[in-house]
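Look at the sequence and the fold together. The paragraphs below go from the overall plan to single residues.

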Amino acid sequence: MSTQTYTASFAVDQTPDQVFAAVNNPRGWWSEQIDGATDQLGAEFKYHYRDVHRARFKITEFVPGMRVVWHVLENYFDFVQDKTEWTGTDVVFEIASRAGKTELHFTHVGLVPAYECYNVCSDAWGSYVKRSLRNLITTGKGQPNPIEETVARAQDLQRLDREHDRRLRDADLAIVDPENEVGK
């Protein structure tokens, strides 16, 4: 059981070519923070999520409408002891027509329960593959991680909103009680 790799599968009404196109658009379902080509044999791309996870992949198999394999050339996690877990593993997308549907079978070969990141990583892959990628295929809209600058800007706006709300509350208190120290 300790060599069991992570897998996820689902079936959709879209064609194998539509599923293949969505798989090869990881910016649309995994992360907007991907640099490099993701849709050709031999291409290399980098994934980055804050200071938590960075990885570099090479596309080692690319069979239109059928199969894509990303080989993990480098990996870094900040939350596990072995920061390089995933290095040397393969992320495999297999596409097949079955009973009038298109089935996507995802396997992260080498992501095994013995890895410290297994629970976190399998939960994350499950969400990205079974929810975000499936939504990209079926609705045209996935839920990828946004670009870090977008996240930082949203966090800054939230902070400014909270500060603005606090100032409004303080001003309201000062108006209700002119002797209140908050308004001075």
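What follows describes the elements, the sheet, the helices and core, and some charged pairs.

This is a predicted model, in which local features need pLDDT of at least 70 and side-chain atom pairs count only at pLDDT 80 or more, while totals for chains, interfaces and linings use all residues. Residues are numbered from 1 along each chain as its sequence is written, and side-chain values use heavy atoms, with hydrogens and water left out.

The chain holds 4 helices and 7 strands. Helices (H or I, at least four residues) and strands (E, at least two) are DSSP runs, numbered from the N terminus. Read from the N terminus, their order is β-α-α-β-β-β-β-β-β-α-α. The chain has 184 residues, of which 35% count as buried. Buried means under 20% relative accessible area, exposed over 50%, and partly exposed in between (1.4 Å probe, protein chains only). The chain exposes about 10400 Å², and carbon and sulfur atoms supply 51% of this area. Accessible areas come from the Shrake-Rupley method with a 1.4 Å probe; for residues, only the protein chains shown count as cover. A contact means heavy atoms within 4.5 Å.

Strands of a sheet pair through backbone hydrogen bonds, either parallel or antiparallel. Here two strands are said to pair if DSSP finds at least two bridges between them. In what order do the 7 strands form the open sheet? The order is β1-β7-β6-β5-β4-β3-β2, and the pairing is antiparallel. β1 (6–12) and β2 (34–35) stand at the edges with a single partner strand each, so one side of each is left without a neighbour in the sheet.

Individual pairs can be followed across the sheet. β2 and β3 pair in the antiparallel sense over 2 bridges, and Asp-35 stands opposite Lys-46 in β3. Strand β5 (residues 67–77) pairs with strand β6 (residues 90–98) over 5 bridges, in the antiparallel sense. There, His-71 stands opposite Asp-90 in β6. β6 also pairs with strand β7 (residues 101–109), again antiparallel, over 9 bridges. Val-92 has Thr-107 in β7 as its bridge partner.

The hairpin of β6 and β7 has 2 residues between the strands, and Ala-99 takes a positive phi near 50° in this hairpin. Ala-99 and Ala-11 are 88 residues apart along the chain, yet their C-alpha atoms are separated by 9.9 Å.

Helix α1 (residues 16–23) lies across β1, β4, β5, β6 and β7, and runs at about 165° to β6. Helix α3 (residues 118–139) packs on the sheet and touches β1, β5, β6 and β7, with its direction making about 15° with that of β1. For these angles, axes are lines fitted to C-alpha atoms, for helices over the stretch in contact, and angles run from 0 to 180 degrees between N-to-C directions.

A nonpolar core is a set of buried Ala, Val, Leu, Ile, Met, Phe, Trp, Tyr and Cys residues joined through side-chain atoms within 4.5 Å. The largest such core has 38 residues, and Trp-29, Phe-57, Trp-70, Phe-93 and Trp-125 touch the most other members. The elements giving two or more residues to this core are β1, α1, β3, β4, β5, β6, β7 and α3. α3 gives the most, with 8 residues. Leaving aside neighbours within four places in sequence, Trp-29 has contacts that include Ala-22, Trp-70, Phe-93, Trp-125 and Pro-144.

Charged groups come last. Side chains of opposite charge can pair when their charged atoms come close. A salt bridge is a side-chain nitrogen of Lys or Arg within 4 Å of a carboxyl oxygen of Asp or Glu. The whole structure contains 8 salt bridges. One of them joins Arg-56 and Glu-44 at 2.6 Å, N to O. Arg-56 lies in strand β4 (residues 53–63) and Glu-44 in strand β3 (residues 44–49), so the pair ties together parts that are 12 residues apart in sequence. Glu-44 is partly exposed, with a relative accessible area of 37%.

Glu-103 forms a salt bridge with Arg-98, with the closest N and O atoms 3.3 Å apart. Glu-103 is partly exposed at 26% relative accessibility, and Arg-98 is partly exposed at 46%. Elsewhere, salt bridges that share partners join Glu-44, Arg-56 and Glu-74 into one network.
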